[in-house]
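Dear colleague,

I am passing on the structure that follows, together with some notes on what turned up in it. Please keep in mind while reading that the model is a predicted one.

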Amino acid sequence: MTTLEAGDKAPQFSAKDQDGNTHSLEDYKGQKLVVFFYPKASTPGCTAEACNLRDNWETFKAEGYKILGVSADSQKRQQNFKNKYELPFPLLADEDKEVINAFGVWGPKKFMGKEYDGIHRTTFVIDEDGIITEVISKVKTKDHAAQIL
């Protein structure tokens, strides 16, 4: 789906999180960053993925990673998702799909025989210099941390 691959420069982005704070790629310069895109807050697969990352948060911190979750959900929905599952990382409310399109994860999907446009569950690992080191498109929602670390 995405045309970005390891070795590419990560796209510049700027979006508000669940609390209205703006996050941009520039904010994470000099740090390792995991940006995971998920279809919809509080759905079973997205909850499993986010909670798996949450449960491994201490390991991510010890390895020097920051994490950002991104979906097209509203700020309110992201805030509810973050609070309900005690997620320790920001969730970007990308309702206008600027970040989603910049990373190329929006496109045709199939579910139960129906075709529609949506977010392809994809994770990007970005190094301290803003270079993508890994693109994970086959996300294992219940064991996603192991795919990254």
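Strand 3, which covers residues 32-37, and strand 8, residues 122-126, run antiparallel to each other and are paired over five bridges; within this pairing, Val-35 stands opposite Phe-124 of strand 8. Helix 3, made up of residues 75-84, packs on the sheet, where it touches strand 4 (65-71) and strand 5, and its direction makes an angle of about 165° with that of strand 5.

The sheet itself is open and consists of five strands in the order 5-4-3-8-9, with mixed pairing. Strand 5 (91-93) and strand 9 (132-136) are the edge strands, and each has a single partner strand, so one side of each is left without a neighbour in the sheet. From one strand to the next, the twist averages 20°.

I also looked at the largest pocket, for which the computed volume is about 200 Å³. Its lining includes Pro-39, Lys-40, Ala-72 and Asp-73, and also Trp-106, Lys-109, Lys-110, Phe-111, Tyr-116, Gly-118 and Ile-119. Strand 6 (106-111) and strand 7 (114-119) each supply at least two residues of this lining, and strand 6 gives the most, with four residues.

With best wishes

Note on methods
Residues numbered from 1 in each chain as written. Predicted model: local features only at pLDDT ≥ 70, side-chain atom pairs only at ≥ 80, totals over all residues. Heavy atoms only, no water. Pairing = 2+ DSSP bridges. Axes fitted to C-alpha atoms, helices over the stretch in contact; angles between N-to-C directions. Contact = heavy atoms within 4.5 Å. 1 Å grid on protein atoms, 1.4 Å probe; cavity = no way out; pocket = protein on both sides within 12 Å on 5 of 7 lines; lining within 4 Å. Points joined across faces, edges and corners; volume = space filled by probe spheres on them.
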